[in-house]
Amino acid sequence: MLSEYIFWFLSFVAVFSAAGMIFSKNPVYSVLSLIVTFFAVAGHYFLLGAQFLAAVHIIVYAGAIMVLFLYVIMMLNLNELEEEKKSLYTKALSFFAGGVLMLVLIAVVRRTEELQLIQPAVYNADLGLTQHLGKVLYKEFLVPFELASVLFLSAMVGAVYLSKKDLA
Amino acid sequence: METAPSLFSLYFPIVLMAVVAIGFVVTTMALTHAFGPKRPTKVKDDTFECGIEVKGNARSPFSVKYFLVAILFVLFDVEVIFMYPWAVNFRELGLFGLIEMFSFMGLMIVGLIYIIRRGALKWD
Amino acid sequence: MDSMLIYKALLTVGVFAVSLGIAAYLTWGERKLAAILQDRVGPDRAGPFGLLQPLADGVKMLMKEEMIPSKANKWLFIFGPSFFMLTACMTGAVIPWGSGITVDGVVYPLQVTDINIGLLYLLGVVSIGVYGIMIGGWSSNNKYSLLGALRASSQMISYEVAMGMALIALTMITGTLSLGEISRQQDAGLANVVYQPLGFLIFIICAFAETNRAPFDLPESESELVGGYHTEYSSMKLGFFLFAEYINMFISSAVMATLYFGGYNFPFQHELGLEGNTLAILQTAALFIKIAIFIFVFMWVRWTLPRFRYDQLMNLGWKVLLPLSIANIFITGIVMWALGKLN
């Protein structure tokens with residue numbers, strides 16, 4: 001009962017702050033709203049018993065990626081930043097792209113029940129603990145894990161290469 | 001949702017801590033706003049620049065190096081996060097897990113060496 | 001269950017109040033210690049030995065004029081220090097302050113909450129803490145503030161990586177992320193610093209950098225940046241920035257004592273013939289003695305060492321501490337394998 005109330009509260013916060021992120025004029029406020037959204041989503045993870053995922057969500061998204069975003073926003077010269085005039089063509093195109101993405105998401109969400117991704121009968125609440133996650137990640141998903149390190153390496157090289165062009 | 005009670009008793013104190021801290025911060029801010037004198041003048045509220053007249057604006061673009069540090073931080077942070085589930089299970093995963101993680105970290109070291117050799121972290 | 005919840009609520013408020021009170025007296029302690037090191041008297045006007053000085057400072061901060069620069073973003077300007085203070089207060093929740101007091105057969109733990117992701121919670125709060133400074137420095141719309149905020153944030157994120165790596169080597173030994181469990185393990189065995197001397201060294205250096213304490217106080221280096229990210233701040237908002245630094249110092253000392261120096265355990269505690277609540281109280285006292293020693297080191301270093309240059313700071317973080325912490329993980333792994341501790 002209580003977890004249901006918490007769920008509705010968190011969902012309200014998540015949706016509200018996500019809307020705030022889109023509609024606020026000042027990009028810094030957008031970043032702050034997005035951080036609030038991340039916290040609400042982390043709260044949802046907690047409700048599902050995925051404690052590790054919740055903590056990681058906060059550390060990586062709110063603590064690392066949004067710092068990067070804030071840097072970018074602080075780098076922009078906000079005072080001279082006028083609202084960019086977008087042509088009707090761009091607007092229509094972005095509306096179309098966003099609409100397609102939304103359709104895909106709706107289709108996926110609708111199918112979750114028939115796919116039976118979540119089976120309450122076999123659902124193990126301890127699965128979200130770091131111990132269990134580690135056992136699964138380092139035994140069953142070994143190859144994706146090792147591939148992830150290749151991905152990190154290429155990201156590092158890319159970041160250094162792109163910024164070095166500016167430095168040189 | 002069966003785990004809610006135990007999780008609730010674990011995380012309720014943290015929520016409470018946040019509420020107490022927010023309450024303290026807001027009250028103190030309100031009090032200092034209420035007690036402090038308010039005699040604003042144009043010069044007083046001007047940006048402080050050691051007495052020299054303010055030229056331009058503070059919000060100008062800065063070095064791309066700070067940005068690069070932030071990107072590298074994100075990458076290394078995620079790699080560190082990947083290592084926590086492994087470290088917790090370190091004893092159970094045994095030698096195989098050790099080799100597995102060493103190869104993961106091997107590529108990370110290669111990345112770090114590349115970053116340093118290219119002088120990406122050179123501040124002068 | 002319900003009485004436990006009420007107890008937890010009281011403990012939460014208690015921990016919050018105690019960390020505020022201790023931080024307040026740390027400001028006095030720092031000034032006194034600086035005075036002793038520099039052959040001065042230090043604060044001695046307010047009360048005996050100047051013991052009422054923190055109160056006087058607090059009242060002064062509260063009564064000062066609140067200035068918000070006309071070019072600043074008003075709400076973000078207020079939000080910055082408030083958020084910084086908020087994150088500083090949040091960390092105390094996962095630290096075990098003692099083994100627990102037994103009343104009528106019920107054990108009341110002296111830890112607000114023993115979540116099994118305690119270490120990650122600590123890292124999370126630390127990583128969020130950087131926003132207070134960034135927002136505060138940026139919203140001031142002052143060149144010094146922005147430079148200070150930039151320096152502070154890039155310094156904090158740089159040292160966070162090495163800190164996380166040092167904690168991984170620790171986790172390899174403890175096998176848990178719960179701070180309560182780590183404390184209990186050190187009761188049975190030796191303090192973790194015996195197994196992780198290099199890890200501790202890395203961690204304490206990172207703790208200095210994360211709290212922006214000297215020799216890592218570049219963000220507020222007064223000789224070049226006026227006041228760094230809090231140049232434009234006055235009244236209690238400035239107070240929050242300064243005060244949160246002392247809370248951070250207290251909490252990071254407590255974290256170091258818990259993770260590497262046995263937490264509330266002290267040597268030969270079971271040979272004294274004490275048990276129950278007497279032992280528990282002595283254990284809490286032992287923890288606070290350890291914290292006091294770390295805080296002394298923090299202050300001692302500040303009044304002894306000169307400040308780093310920015311390139312030295314970045315080199316230390318990325319080219320010394322990060323490779324060292326990676327090497328530490330390798331050494332820990334190989335040694336534990338050689339000792340046959342693995343399955």
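Predicted model: local features only at pLDDT ≥ 70, side-chain atom pairs only at ≥ 80, totals over all residues.

Colleague: What makes up the secondary structure of chain C?

Modeller: Chain C has 12 helices and 2 strands. A helix here needs at least four residues and a strand at least two.

Colleague: How do you know whether the radius of gyration of chain C agrees with a compact globule?

Modeller: We set it against a rule. For 343 residues, a compact globule would have a radius of gyration near 20 Å; chain C has 21 Å, so the value agrees. The C-alpha atoms fill a box of roughly 60 × 50 × 45 Å along the principal axes.

Colleague: What makes a residue of chain C count as buried, and what share of chain C does?

Modeller: The residue needs 20 or more other C-beta atoms within 10 Å of its own. Of the 343 residues in chain C, 57% count as buried.

Colleague: How do you know which residues of chain C touch chain B?

Modeller: Two residues are in contact if their C-beta atoms lie within 7 Å. By that test, 62 residues of chain C are in contact with 55 residues of chain B. Several helices give two or more residues to this side of chain C, among them α1 (2–37), α5 (143–174) and α12 (310–338) of chain C. α5(C) gives the most, with 13 residues.

Colleague: What kinds of residues form the side of chain C that touches chain B?

Modeller: That side divides into 35 nonpolar, 16 polar and 11 charged residues.

Methods:
Residues numbered from 1 in each chain as written. Chains lettered and ligands numbered in written order. Rg over C-alpha atoms; globule rule 2.2 N^0.38 Å. Buried ≥ 20, exposed ≤ 12 C-beta atoms within 10 Å, placed from the backbone. Nonpolar A, V, L, I, M, F, W, Y, C, P; charged D, E, K, R; others polar.
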